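Student: Could you go through this structure with me? I'd like to take it one piece at a time.

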Amino acid sequence: MNLPIYLDNNATTPMDPRVLEAMIPYFTQKFGNAASRNHHFGWVAEEGVDYAREQVAKLIGATEKEIIFTSGATESDNLAIKGVFEMYKDKGNHIITAVTEHKAVLDACKHVEKLGGKVTYLPVKEDGLVDLELLEQSITPETILVSIMYGNNEIGVVQPVKEIAAIAHKHGALFMTDATQAVGKIPVDVNADGIDLLALSAHKMYGPKGVGALYVRRKGPRVKVTAQMDGGGHERGMRSGTLNVPGIVGLGKACELARLEMDSEAQRLSALRDRLEASLSELEESYVNGNVQYRLPHVANISFKYVEGEGLMMAMKDLAVSSGSACTSASLEPSYVLKSLGLSDDLAHSSIRFGLGRFTTDEEVDYAIEVTKKAVTHLRELSPLWEMFQEGIDLNSIEWAEH
Amino acid sequence: MAYSDKVIDHYTNPRNVGTLDKSSHKVGTGLVGAPECGDVMRLQIEVDDNNVITDAKFKTFGCGSAIASSSLATEWLKGKSIDDAMAIDNMDIVEELALPPVKIHCSVLAEDAIKAAINDYRVKNGLEPIELEKSHH
């Protein structure tokens, strides 16, 4: 076992060596511009891109022509939201999303508001799921788009996408999903789920950084988005810019591997995740955040009450994890996702996200359990709040000096 | 952002962790910060008849820099007179621990904790609390 151990696979994943191998020729021998239609070099590059398009489409049950390559999920989210808003503004100006979305979606929606659009940010239930009734009530005749993420990046909850899509369609709105964390991890099928637009990224599924895709439905209905990047009219006019051929080839290979290995991998990871969660739940006053039934197989988000996340991470030496606490003067605010579940600020500050991945071993998880238990115990010995809790003092009865 | 060696040292081997008898008239207790903000410090001093701090203990809920700041504060307090303790400035802590700008509030909290402990001691012993500047965080 090599230290440190990487358990932050929701932030990014290491590239699978098989992906790298597929990419390498496209940097040197097969370096052509996929848009060069008149010579061998262009054709070879285009062939690589076409094959990748098929690999991506196959993973999500789409057709090749529905895949628009981008620089990543942030760009895909922006293109989908701003592009739909511009394209359908004669139809309406209202978009519905949720408060737990990734910043790429939330900030694209803020931009739409600046352009005169109206956006509803749905709250979520305590388990992180969207309330379907509330969603339906929020739809107006002006609603053109409902954008709800597939799986959440912080807590891993998986939204009832199919039901959400059905509600959107019933009222004539399009359904878009940021599926960055879900694609390649759990089965995602744009037709079975009723998805009109879907954002995905390569680097969350063992592919390279800087490349992603936007799925744009072509049939029933034919969806269009206004380009946000002007230029040579690549990607059916929706995203100009010379294609990142090696990156796209890598994304394709990553999608193929994910499709072939998803079932066994999801099983292996959820078993590991369950073991991690069960062991850490043995610690007093530890709480698993988010719905534990509808969720991604590889994420565990746990709050260890009375210790602060950033301090805890420092004690979890040799473990690369992530915390919902950000103790910097710029942002004393803990995770907005955890807060939107109704978690108190102190519990949100006490949270740790463990993100397992393809290369996580049993041995590493066992080590992580041991280190985390020790760290929590050590920090509780240092914690005045833990001492008060042990003495039966109600922390809410104390007048804290907010700062 | 990497932590300085001194922060890591205090964090890994915190000095003077513990609890003094807060009901004793010789003991002053300062409890500052708030759980919602992600840091709470409790700093206690024990003072002898000559106004000299003979013991200091802390417990902190917070990040590594907050823990290190309070650990360092207890180390500095021991053996100091109350007057000298009052003079400890948060920037001394910043300098000693090489705290980056985003962690300065941890040192501010430690200074606040020292002053709160001294005032608690003063009030317990029939003295006026010292008027404190409004905390700047």
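Tutor: Let us begin with helix α8(A), which bends by about 65° at Met262(A), where the bend at a residue is the angle between axes fitted to the seven residues ending there and the seven starting there. This is a predicted model, in which local features need pLDDT of at least 70 and side-chain atom pairs count only at pLDDT 80 or more, while totals for chains, interfaces and linings use all residues. Residues are numbered from 1 along each chain as its sequence is written, and chains are lettered from A and ligands numbered from 1 in the order in which they are written.

Student: How far apart are the end C-alpha atoms of α8(A)?

Tutor: They are only 44 Å apart although α8(A) has 36 residues, whereas a straight helix would reach 52 Å at 1.5 Å a residue; that expected span is 1.5 Å times one less than the number of residues.

Student: And which strands does α8(A) lie across?

Tutor: Helix α8(A) lies across β9, β10 and β13 of chain A, at about 10° to β10(A), with axes being lines fitted to C-alpha atoms, for helices over the stretch in contact, and angles running from 0 to 180 degrees between N-to-C directions. Helices (H or I, at least four residues) and strands (E, at least two) are DSSP runs, numbered from the N terminus.

Student: What is the strand order in that open sheet of chain A?

Tutor: The order is β9-β10-β13-β12, with antiparallel pairing, and two strands pair if DSSP finds at least two bridges between them. The edge strands are β9 and β12 of chain A, each pairing on one side only. Between β9(A) and β10(A) there are three bridges, and Tyr287(A) has Ser303(A) in β10(A) as its bridge partner.

Student: Switching to chain B, what order do the strands of its open sheet take?

Tutor: Its three strands follow the order β1-β2-β3 and pair antiparallel, with β1 and β3 of chain B at the edges. Eight bridges join β1(B) to β2(B), and Thr29(B) has Gln44(B) in β2(B) as its bridge partner.

Student: How many residues of chain B are in contact with chain A?

Tutor: There are 27 residues of chain B in contact with 27 residues of chain A, contact meaning that the C-beta atoms, placed from the backbone, lie within 7 Å. The largest share of that side of chain B, four residues, comes from β1(B).

Key:
Two residues are in contact if their C-beta atoms, placed from the backbone, lie within 7 Å.
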